[in-house]
Amino acid sequence: MIIKMSRSQVDALLEEARRGYPIEVCGALFGLISGDEAYIEEVVPLKNVLKSEVMFQISPEEFLRVLLEHERKGLRHIGFFHSHTGCINPSSIDLKYMSLWPESIWVIVSHHPEPRVAAYRAINGRLEEVNVHIE
Ligand SMILES: [Zn+2]
């Protein structure tokens, strides 16, 4: 699986993470899927209701609202993004929620030790890294 994002979308995610630091920022990704490729059309920051430095939670009402709004525009929900303050690997809590959303791609950004973006999916409980293509 490949996820395709523009340079400006990646920059927007990194900027959002910088803005929210040290709280984890989070949001939803919408776009189109063609075969093995997911194209991100819109990055939508959402509130981390936990205001936590180690985990995030999106309010179901806020998610449903943006989901319906983007489905009306013909876009699909591709996955979620959130920031880490260090290591870019999914945490054990992330893995738990990823397995509840098996079709979703999880994008994680971090500034430490350097600005980075990575993406993952959990397929049948197994973690799979998704290639990020920045165009
Ligand atoms: Zn995480």
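Does His-111 count as buried or exposed, and at what relative accessibility? This model is predicted. In it, His-111 has a relative accessibility of 16%. Buried means under 20%, so His-111 counts as buried.

Where does this residue sit? His-111 is in the loop that links strand E5 (105–110) to strand E6 (116–123). Leu-14, Ala-17, Arg-18 and His-84 are in contact with His-111, neighbours within four places in sequence left aside.

Now turn to strand E1, residues 2–5. In a regular strand, side chains alternate between the two faces of the sheet. E1 is covered on both faces. Ile-2 and Lys-4 are buried on one side. Ile-3 and Met-5 are buried on the other.

E1 has strand partners. It runs parallel to strand E3 (residues 37–46), and 3 bridges join them. It also runs parallel to strand E7 (residues 126–134), with 4 bridges between them. Ile-3 takes part in both pairings: its bridge partner in E3 is Ala-38, and in E7 it stands opposite Val-132.

Ser-6 has a relative accessible area of 23%. Buried requires under 20% and exposed over 50%, so Ser-6 is partly exposed. Beyond its neighbours within four places in sequence, Ser-6 is in contact with Ile-134 and Glu-135. Glu-128 is 122 residues from Ser-6 along the chain, and their C-alpha atoms are separated by 22 Å.

Definitions and conventions
Residues are numbered from 1 along each chain as its sequence is written. This is a predicted model: local features need pLDDT of at least 70, side-chain atom pairs count only at pLDDT 80 or more; totals for chains, interfaces and linings use all residues. Side-chain values use heavy atoms; hydrogens and water are left out. Helices (H or I, at least four residues) and strands (E, at least two) are DSSP runs, numbered from the N terminus. Buried means under 20% relative accessible area, exposed over 50%, partly exposed in between (1.4 Å probe, protein chains only). Contact means heavy atoms within 4.5 Å. Two strands pair if DSSP finds at least two bridges between them.
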